[in-house]
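Visitor: Please put the sequence and the model on screen. I have some questions to go through.

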Amino acid sequence: MFLGALFPKDASVWELCDTPPKVPGVKIRDRTIAFSGKKKKELTCLITKEVSENVIRFSFHKNTQVALKILLFDLKKEEQLQFHFRLGSGAEVTVDHIFLEPINSKLSIERKFRLKENARLTLLTGVFPNASFLCRDDTELIGEGASVDYLSLAVATKKNRIQIEETVRHQAKQTISKMQNFLIATEEGLLECIVAGVIQKGMAQSACEQANRGLLLGEKSSISVDPKLLIDEYDVKASHGAAIGRINDDELFYLESRGLDETLAKQLIVFGYLAPFLDQLAHAKLSDYLTKIVRKQVMGGAIDEPELA
Amino acid sequence: MATLEIKDLVVSVEDTLILQGVNLTVSGGETHAIMGPNGTGKSTLAQIVMGHPKFKVESGDILLDGESIIGLSVDERSRRGLFLAMQNPIEVPGVTNFDFVKTAVSARLKANERLRIGKFILKFEDAAKALNMGSGLSQRYLNQGFSGGEKKRNEILQMRLIQPKIAFLDEIDSGLDVDALKLVGDNVSKMKSPDLGLVLITHYERLLDYIIPDQVHIMIRGTIVKTGGRELIQKIDREGYDWLKAELGIDELEDPSKTRQYTLGSCATKKTIPGLR
């Protein structure tokens with residue numbers, strides 16, 4: 001299995017169906033994986049067909065520092081799978097959450113995030129299921145100074161429909177959310193993204209930023225984005241936007257005018273588009289693997305490895 | 001020594017004629033300047049030579065070393081030695097400047113050749129230094145966040161490394177301050193050799209103070225109406241183009257491609273009303 005090569009079994013990697021390894025500061029109780037301790041931990045959790053739970057909880061205690069990779073693949077479930085993340089005060093957590101093929105088209109994912117004061121979550125979500133897929137997120141910033149930095153990349157292939165719904169609720173003062181979505185639809189793929197930032201009355205000096213970019217690579221592909229801001233407070237900073245389009249003829253002309261053929265020029269443009277996401281994946285082998293997956297899904301399997309000479 | 005021949009070239013975009021019979025021959029070692037008022041087809045000429053797909057060649061031909069390149073793709077034209085330094089270089093986020101130029105240079109290598117990366121790095125650094133581009137240039141994304149002047153200097157850097165046979169520099173002077181203009185001018189002048197033919201498209205005399213042209217062409221309404229030496233530049237700088245329009249009897253309103261015909265009544269007679277559009 002490829003993941004064996006990517007993540008050799010060691011103390012920081014486990015499949016959810018396994019008895020988790022003994023890692024200092026990690027406990028499992030009542031289907032909750034709890035992290036504690038100020039020493040920064042890097043862990044990888046693999047979730048495959050054998051997962052039996054419908055709700056998987058991750059709890060990060062006060063001031064915990066964790067970099068967690070969660071990879072879902074080969075999932076045969078035909079129902080909803082829920083992930084609950086709770087971040088205690090001052091916790092600093094990075095989650096790379098990657099959905100890889102094969103995943104059952106009838107599976108939907110729901111994720112709930114709850115952050116206490118000064119907790120910081122950096123969430124990187126990669127959606128490459130090569131199937132229809134629904135991912136619904138609800139983030140609550142309940143503590144003053146809590147912040148979430150949200151970066152997603154989703155690829156809709158063939159005739160698949162990918163739905164992404166993201167809601168961030170600012171329920172405390174001085175809370176910050178930054179949401180960036182990079183969306184690619186190939187062939188007849190359909191991608192629908194609803195992004196909502198909700199700032200309640202009294203949650204002064206909060207900031208909510210949304211940016212969405214969509215790239216259409218198929219004649220019959222489609223992307224729709226609905227970026228919403230629901231704000232009931234004056235003293236805030238907020239912005240939202242969406243840009244969807246095909247590869248620009250002038251961009252292609254520029255690259256081709258330097259001797260790059262059309263295929264290579266298109267690949268450069270697409271991978272340039274993906275760079276903000278791939279650059280943030282700290283795991284080099286995973287980044288390379290995802291690059292290959294995306295290349296296959298986006299440019300077609302028949303195309304040779306695009307290589308910058 | 002390469003030769004580019006443009007013969008009676010007529011070009012349209014969306015059913016409007018942009019070039020109306022252009023003739024121009026450029027050989028290695030020569031420097032040509034093309035000047036003219038806005039919207040007369042100077043940039044179109046450069047883009048059509050490079051093969052921009054939005055333009056349609058109605059008639060005429062473009063030959064490189066005696067062989068027509070009309071049917072060639074943009075990248076093939078580039079690999080055969082043509083280069084266009086663009087008026088508005090495109091930003092490509094996520095692709096580093098170094099990787100892009102390296103790929104462009106590699107695209108020209110023969111099947112059995114391989115880029116010597118160490119040598120190439122040194123060449124890149126030399127070019128960046130000569131153009132005062134700063135040490136972080138190689139890892140910056142292609143033209144992203146570049147100032148107008150940096151973009152233009154980056155075009156010249158690419159030209160230095162790609163080493164074309166015939167290069168069009170389309171308004172390479174716009175967006176450059178006086179010092180940067182001198183820097184670009186000096187760099188381009190140093191590249192002059194029998195292996196490089198240059199076509200400078202510009203509105204201003206100042207670029208031509210640094211890159212001395214052998215011939216100056218004036219383009220009005222999609223065709224070259226006058227060719228001469230440096231004296232033409234000085235005259236245009238002093239007097240603009242009105243003297244030339246008067247000399248040639250050109251009136252903007254009489255441009256047949258811009259005048260629509262209006263039918264008066266329902267009879268079969270059509271009459272053109274001058275000045276109406």
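Visitor: How many residues of chain B are in contact with chain A?

Guide: This is a predicted model, in which local features need pLDDT of at least 70 and side-chain atom pairs pLDDT 80 or more, while totals for chains, interfaces and linings use all residues. Residues are numbered from 1 along each chain as written, with chains lettered from A and ligands numbered from 1 in written order. Contact means C-beta atoms, placed from the backbone, within 7 Å. Chain A contributes 20 residues, and chain B contributes 26.

Visitor: Which element supplies the largest share of the side of chain B that touches chain A?

Guide: Helices here are DSSP runs of H or I with at least four residues, and strands are E runs of at least two, numbered from the N terminus. α2 (74-79), β7 (92-96), α3 and α5 of chain B each supply at least two residues. The largest share is five residues, from α3(B).

Visitor: At what angle do the axes of α3(B) and α5(B) cross?

Guide: Axes are lines fitted to C-alpha atoms over the stretch in contact, with angles from 0 to 180 degrees between N-to-C directions. The axes of α3(B), residues 97-106, and α5(B), residues 148-162, come within 10 Å. They cross at roughly 35°.

Visitor: Which residues of α5(B) make that contact?

Guide: On α3(B) the contact uses B:Asn97, B:Val101, B:Ala104 and B:Val105. On α5(B) the residues are B:Asn154, B:Gln158, B:Leu161 and B:Ile162.

Visitor: How many bridges join β11(A) to β13(A)?

Guide: Strands pair if DSSP finds at least two bridges between them. β11(A) and β13(A), residues 161-170, run parallel. A:Cys135 stands opposite A:Ile164 in β13(A). The bridges number nine.

Notes:
Two residues are in contact if their C-beta atoms, placed from the backbone, lie within 7 Å.
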